[in-house]
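I opened this model to look up a few strands, a ligand shell and some annotated positions. My entries follow in the order I made them.

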Amino acid sequence: MASKVSLTQYLVEKQREKGLIPAELRLLLEVVARACKRIGIAVSKGALGGVLGDAGTDNVQGESQKKLDVIANETLLEANEWGGNLAAMASEEMDHSYTIPHRYPKGEFLLLFDPLDGSSNIDVNVSIGTIFSVLRLPEGVLAPTDDHFLQPGTKQVAAGYAIYGPCTMLVLTVGDGVAAFTLDRETGSWTLTEDQIRIPGQTKEFAINASNQRHWYPPVKRYVDELLAGRDGPRGKDFNMRWVASMVADVHRILTRGGIFMYPRDRREPDKPGKLRLMYEANPMSFLVEQAGGAATNGLQRIMEIRPSKLHERVAVFLGSREEVERVTSYHQDGD
Ligand code: FBP
Ligand code: AFP
């Protein structure tokens, strides 16, 4: 390969030399990357682009939408609907899946996305991102519906995110490790800047919204108390805490230097399995983390093995450095 490897070259290698992905998936991922580039440009304009603030609408989860949530969602839909590689798309921002209109050719893949994750950070100029996941349309299905998206994360054929931070990056897996591409703003191309990313098994850093501490169940409280006890506690070392409130940014840090990210279910809504969305956030991030040698559970089981029962299903999340995820998961064995 040439010294500077572009996203296209990287994907062509996976397609031609390794035979890992079909050409249609390569083309689909390139379109997603192009849409992320456009979203990144809109994000970077900030107040100058008139894109900050509320859109004045609510999404299916009852959360108020930011203007950029809506722009990012439309950008992904428009970029992907005519390419011929997709059968349907589903978004965290839409009630139901979107079937590719009849006027365009239809492909065999399903695309899911959280168009702009971390929206509470948009107006304060802190890193945000786009998360995506690709599934296959089950064989023989002519008219895809929401039900056809309800596949476990192990069925993902690709997943990734774009992070709009000090630099714009695309982090991707097609099931052959994790690669990171940095957007060269001068040439407009995604350039491979790290391949075969590995998450260290051990860490001294954790991420959790500590303001919810009083609502936590005993396994999470026990685990975090032990981390906070530092070198005098049972762990025998000091831990540092980071919480960006953009899952993309927190997971990006973990892929870069290790750590554990937690969003547990808690007593605020005992009947709800957590806050984060299985299909748009937890599954794609779990695929990336596992491909980088880490682990991802809901405290009880591997996230990617959960069989979803609805498109907007929520889930508790513990992901990152393997040894830490295994430890907090083992604390859940005794129940709440
Ligand atoms: P650096 O520039 O050395 O990273 O320090 C950053 C900083 O001074 C503040 O920006 C930040 O609020 C604080 O450190 C974070 O400190 P801690 O690591 O103790 O949470
Ligand atoms: P939004 O995309 O709705 O802002 O949600 C972001 C998020 O799902 C995830 O990216 C963060 O880790 C988490 O929410 C932050 O949640 P808290 O505000 O409860 O800390």
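**Entry 1: the β3 region**

I began with M89, which stands opposite Y98 in β4. The model is predicted, so I note the limits: local features need pLDDT of at least 70, side-chain atom pairs count only at pLDDT 80 or more, and totals for chains, interfaces and linings use all residues. Residues are numbered from 1 along each chain as its sequence is written, while chains are lettered from A and ligands numbered from 1 in the order in which they are written.

Strands here are DSSP runs of E with at least two residues, helices are runs of H or I with at least four, and both are numbered from the N terminus. Two strands pair if DSSP finds at least two bridges between them. β3 and strand β4 (residues 98-99) run antiparallel and are joined by two bridges. Six residues lie between β3 and β4 in their hairpin.

On to the other partner. β3 pairs with β5 in the parallel sense, over five bridges. There I found A88 bridged to L110 of β5.

Is β3 enclosed or open? I checked burial: a residue is buried if 20 or more other C-beta atoms lie within 10 Å of its own, exposed if 12 or fewer, and partly exposed in between, with C-beta atoms placed from the backbone. Six of the six residues of β3 (residues 86-91) are buried, so the strand is largely enclosed by the rest of the structure.

**Entry 2: the annotated positions**

I looked up the UniProt record. Its unreviewed entry lists D114, D117 and E281 under "binding site". They span 168 residues in sequence, yet no two of their C-alpha atoms are more than 8.5 Å apart, so they gather at one spot. UniProt positions follow the numbering used here, feature names are shortened, and annotations may be inferred rather than shown by experiment.

D117 sits in strand β5 (residues 109-117). I count D117 as buried because it has 28 C-beta neighbours inside 10 Å. For contacts I used C-beta atoms, placed from the backbone, within 7 Å of each other. Leaving aside neighbours within four places in sequence, D117 contacts I128, G129, T130, I131, S246, M247, V248 and E281.

E281 belongs to helix α6 (residues 278-291). E281 is buried too, with 25 C-beta neighbours inside 10 Å. Beyond four places in sequence, its contacts are D114, D117, I131, M247 and L276.

**Entry 3: ligand 2**

Which residues are around ligand 2? I took those whose C-beta atom, placed from the backbone, lies within 6 Å of it. They are E63, D117, G118, S119, S120, N209, A245, S246, M247, D250, Y263 and L276. By class, I read four nonpolar, five polar and three charged residues.

β9 and β10 run antiparallel, with five bridges between them. L183 has W190 of β10 as its bridge partner. G188 lies in the loop between β9 (178-184) and β10 (189-194). In this hairpin, with four residues between the strands, G188 takes a positive phi near 75 degrees. G188 is exposed, with 10 other C-beta atoms within 10 Å.

**Entry 4: the five-stranded sheet**

I traced an open sheet in the order β12-β11-β13-β17-β15, with mixed pairing. β12 (240-241) and β15 (295-297) stand at the edges with a single partner strand each, so one side of each has no neighbour in the sheet. Inside, β11 (residues 205-207) and β13 (residues 260-263) run parallel, joined by two bridges. F206 stands opposite I260 in β13.

How values were computed. Ala, Val, Leu, Ile, Met, Phe, Trp, Tyr, Cys and Pro count as nonpolar, Asp, Glu, Lys and Arg as charged, and the others, Gly among them, as polar. Two residues are in contact if their C-beta atoms, placed from the backbone, lie within 7 Å.
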